[in-house]
Amino acid sequence: MSRLLKILIGILVLLAIAAIIAFAILPAAVERSQNKTLDHEPYVISDEAAAIQDSLRLADLHTDTMLWKRDFLKRGERGHVDLPRLQDSNSAVQVFAAVTKSPSGLNYEENTAESDDLDLLVKVQLWPPRTWNSLLERAVYQSEKLHHFAEDSDGALRVVRTAAEFDAALSAGALAGILATEGAHPLEGDIANLDRLWTAGYRIIGLQHFFDNALGGSLHGVTNAGLTDFGQEAVRAIEEKGLIIDLAHSSEAVVEDVLAISNAPLIVSHTGLKGACDTPRNIRDELMVEIARRGGLIGIGYWDAAVCDVSPDGIAQSIRYAADLLGVEHVAYGSDYDGAVTVIMDSGERAALTDALLAQGFTPREIRLIAGENVIRFMRENLPD
């Protein structure tokens, strides 16, 4: 064997080793750096809170779990959400949002659509090549992942598309999984792609994420614009299709424009209230009041930019503010778990939040509404037949 050939073989071996390391180690390392849970002492839960927790059908309006390379059916050592941990908190409903693009240098003030940190992540996680250059295919693939987990769950997880399927999942004691998009850019500027998302099982459409898109301005974009002509067409098509609109991350101008043309109840799946936590992540209270007045639902998040104080007591304080302002029947959980946020309780530790809500003066009935029954009612009324 020639010396040159030996060198080439050696290089190929090193490249193969580097690839194995990248594909085996990097996905977990990236997630650990993004989805953090702060160290804390075990939560001490009162007997009253424990009894209420045992009676809950907990629901959460937002998690980004399908973005990550992790077995959802097994208890994980990283991230915030998996089926065993959801079961620990008596979870009955989980909305799974598909993240399809994330600009570099992510911040709450100003982002453009020129870069995308997911380009590398989807390749390192060995997503199929069809997802490498298509935001639509990335959404479809995350739907496929959730459906595969459901198929392998022995009935513990069901992906629901209709009100009847939703009720059947609850009756069977299964986790009802509902698919949502984190921004409507998977439409790729073509209303016809709404049919593809519908067929894939999506029933909630977020309009924006961290950057302005073809539909209009993001709360964290550069224009602060309202709906474009295409955005108005898309909103009407989304409602005609029977999909639920999510205004999380939309600019205030987009929220105003949607309220001007929409006839259906809306959600803000993961947010805080500006009056309780004045950050660029939260829109002004008057818009939240109008969304609630029209039968909408507001999901309160668990991370700092949403609630300022991420402790269970801090989250409960934001929920108290929201309930007093909007009415307790319009408030829900919208954790943003697995959404590149830092929290102090994962999805299995939410008895601590139940305890904190009791300390805020909520009755057991009100806690049940906020922790799940409001979402259950909303989905029964607004998922298609």
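Predicted model: local features only at pLDDT ≥ 70, side-chain atom pairs only at ≥ 80, totals over all residues.

Reply: Residues are numbered from 1 along each chain as its sequence is written, and side-chain values use heavy atoms, with hydrogens and water left out.

Me: How many aromatic pairs are there?

Reply: A pair of aromatic rings is described by the distance of the centres and the angle of the planes. Rings of Phe, Tyr and Trp (its six-membered ring) pair if their centres lie within 6.5 Å; planes under 30 degrees apart are stacked, over 60 edge-to-face, and the rest tilted. The count here is six aromatic pairs. One of them, Phe72 with Phe96, is edge-to-face, at 5.4 Å centre to centre and 85° between the planes.

Me: Which parts does the pair of Phe72 and Phe96 tie together?

Reply: Helices (H or I, at least four residues) and strands (E, at least two) are DSSP runs, numbered from the N terminus. Phe72 lies in the loop between β2 (58–63) and α3 (83–88), and Phe96 in strand β3 (residues 91–98), so the pair joins parts 24 residues apart in sequence. Buried means under 20% relative accessible area, exposed over 50%, partly exposed in between (1.4 Å probe, protein chains only). Phe72 is buried at 0% relative accessibility, and Phe96 is buried at 1%. Ring pairs also link Phe72, Phe96 and Phe149 into a cluster.

Me: Is helix α13 mostly covered or exposed?

Reply: Helix α13 (residues 351–359) is mostly covered, with seven of its nine residues buried. Among them are Leu353, Leu357 and Leu358. The buried residues of α13 pack against α2 (47–55), α12 (312–326), β10 (331–333) and α14 (364–382); contact means heavy atoms within 4.5 Å. Just after α13, Gly361 takes a positive phi of about 90°.

Me: How much space lies in the largest pocket?

Reply: Rolling a probe the size of a water molecule over the atoms shows where empty space is left. A pocket, on a 1 Å grid over the protein atoms alone, is an open set of points where a 1.4 Å probe fits, with protein on both sides within 12 Å along at least five of seven lines; lining residues have an atom within 4 Å of a point. Its volume is the space filled by probe spheres set on the points, which are joined across faces, edges and corners. The largest pocket holds about 700 Å³. Of its 32 lining residues, those closest to the centre are Gln34, Ser102, Leu106, Gly339 and Ala340. The largest share of the lining, four residues, comes from α4.
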